[in-house]
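Biologist: I have a new model open on my screen and would like to learn how to read it. Could you walk me through a few features, one at a time?

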Amino acid sequence: MRISDLRVHLVDVEIPPGRRVRSGAGLKLSRQAAFVEVFTDEGVSGIGPCSFGSVSFELTFVKTLVEHVFKPAVIGRDPTATEAIWEELYYGLIVRTYGNRGVGVAILSAIDVALWDLKGRWLGVPVYSLLGGPVREGAPAYASSVYWSNPDECVRTAREYLDRGYSALKIKVGESYRKDAECIEAVCASVGPEVQVMVDANLSYTRDVALKLGRELDRLGVMFFEEPVSLDDVEGYGILAKALDTKIAVGENLYTRWGFLPYLDAGVDVVQPDSSRCGGISEARRVVDLAAARHRLVAPHTFSDAFTLVANLHIALAMSAVVILEVDETYNPLMTELVRNPPAIRQGIIAAPTGPGLGIDLDRDWVEDHPYRGGRGIGPGVRPATGVGDLADRLAADLGT
Ligand code: MG
């Protein structure tokens, strides 16, 4: 069996103005994503995501790179040789020209996930069987997320997630210390101690504000504090991990095992690899092993689409260091309508897919009906500061929302 073709699917869905959400990562305007499909001369194919959920770069760039750079590099290769293809693409194609982080690794991620999907379909088994078999029948999940708003609205959204069966949820912070603390306090008081609450600053705090809010999180028993400070402040992650009882989490914006290592060495408690960005299922698995060897936990970032969720789900089903999966519960047809058989989530547990490979199938008619339109999918994020709320309001006004 040989790889015969690579094709890119781009999709785009505008988020209705009333359903747009805002965090330190920016205001989400539409859901835009890219998927790579790998074909073989034996008729078996597989699909993988390099999906950012909402993006602020031109996705036709991904299509051009795949068609003109990645495709010629893998045509004629044995698609089951996932490790060899990963190393060839990473060392031979990406690091010297596109860098060892960012979009080149994201495209490698899509190809790697597609190859695992393809291998599973060819052998007639789910991907988690290829990763060592199940350590659990379904993966625990949390609802993501309660976005920037006032305390009453935050409580309303949190209770909606509980009504959908979740017993764990995440709150976005990073707007301003006072407002963030009020929202977390209100949500924790409303949902009670039985519900696990996580907090995500999307890199928006300075060290001092993160430490101050972290002490409140310690008092409230929050499960983890995600991306509290800038990724450039690895030392800050270590200081927070040491000073706080609340676990410190990072990973959705990290690429490859070498991107995670400095944070693990600094002492972060939870890592959040995402198969659609960090280097595929092959690399996410290595990151899980690195964390497990240091007795740390893994909670994969899985925000963008059904393929990303399921790719990470297979890792969670096969690796016991994964404690919980993120599920995007905001407006996102890429989770529900992009595939004909989205994963079933009941009472906060995602069921193991039963079909071969990833176990989900692209709805090609839906893809055709939602072509990529270009333009920004997400407004600019904020830089670490204490009074960033004013800045975010101004950005939202600039974007006409
Ligand atoms: Mg996050």
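Modeller: Gladly. This is a predicted model, so local features need pLDDT of at least 70 and side-chain atom pairs count only at pLDDT 80 or more, while totals for chains, interfaces and linings use all residues. Residues are numbered from 1 along each chain as its sequence is written, and side-chain values use heavy atoms, with hydrogens and water left out.

Biologist: Let me start with C154: is this cysteine buried or exposed?

Modeller: The general idea is a cut-off on relative accessible area: buried means under 20%, exposed over 50%, and partly exposed in between, using a 1.4 Å probe and protein chains only. C154 has a relative accessible area of 2%, so this residue is buried. C183 is buried too, with 6%.

Biologist: How many disulfides are there by the rule you use?

Modeller: In general, a disulfide is a covalent bond between the sulfur atoms of two cysteines. The rule here asks for a pair of cysteine sulfur atoms within 2.5 Å, and by that rule the count is zero.

Biologist: Next, the metal. Which residues coordinate the magnesium ion?

Modeller: Donors are N, O and S atoms within 2.8 Å of the metal (3.2 Å for Na, K and Ca); water is not among the atoms, so sites may look incomplete. In this model the magnesium ion is coordinated by D200 (OD), E226 (OE) and E252 (OE), at 2.0 to 2.2 Å. Along the sequence, these donor residues follow the spacing D-x25-E-x25-E. D200 in strand β8 (residues 196–200) and E226 in strand β9 (residues 224–226) are 26 residues apart, so this pair links distant parts of the chain. Helices (H or I, at least four residues) and strands (E, at least two) are DSSP runs, numbered from the N terminus.

Biologist: What is the relative accessible area of D200?

Modeller: D200 comes out at 0%, so it is buried. E226 is also buried, again with 0%.

Biologist: Now helix packing. At what angle do helix α7 and helix α8 pack?

Modeller: To read such an angle, picture axes as lines fitted to C-alpha atoms, for helices over the stretch in contact, with angles from 0 to 180 degrees between N-to-C directions. Helix α7 (residues 207–220) packs against helix α8 (residues 234–243) at about 20 degrees, and their axes are 11 Å apart. Angles under 35 degrees count as roughly parallel, over 145 as roughly antiparallel, 65 to 115 as roughly perpendicular and the rest as oblique. That makes α7 roughly parallel to α8. On the α7 side the contact (heavy atoms within 4.5 Å) is made by R207, A210 and L211, and on the α8 side by E235, G236, I239, L240 and A243.

Biologist: And how are α1 and α2 placed to each other?

Modeller: α1 and helix α2 (residues 82–94) pack at about 135 degrees, with axes 11 Å apart. The two are therefore oblique to each other. V69, F70, A73 and V74 of α1 meet I85, L89, L93 and I94 of α2.

Biologist: Which peptide bond is cis, with omega near 0 degrees?

Modeller: As background, most residues other than glycine have a negative phi, and most peptide bonds are trans. Here the bond from S144 to S145 is cis, and S145 belongs to strand β6 (residues 138–146).

Biologist: What about phi: what value does N202 have?

Modeller: N202 has a positive phi of about 45 degrees although it is not a glycine. This residue sits in the loop between β8 and α7 and, at 7% relative accessible area, is buried. T256, in helix α9 (residues 256–266), has a positive phi of about 65 degrees and is not a glycine either. T256 is buried, with 0%.

Biologist: To finish, is P72 buried or exposed?

Modeller: P72, in helix α1 (residues 60–74), is exposed, with a relative accessible area of 52%. By contrast, V288 in helix α10 (residues 280–293) is buried at 2%. Setting aside neighbours within four places in sequence, V288 is in contact with V298, I315, M319, A321 and V322.
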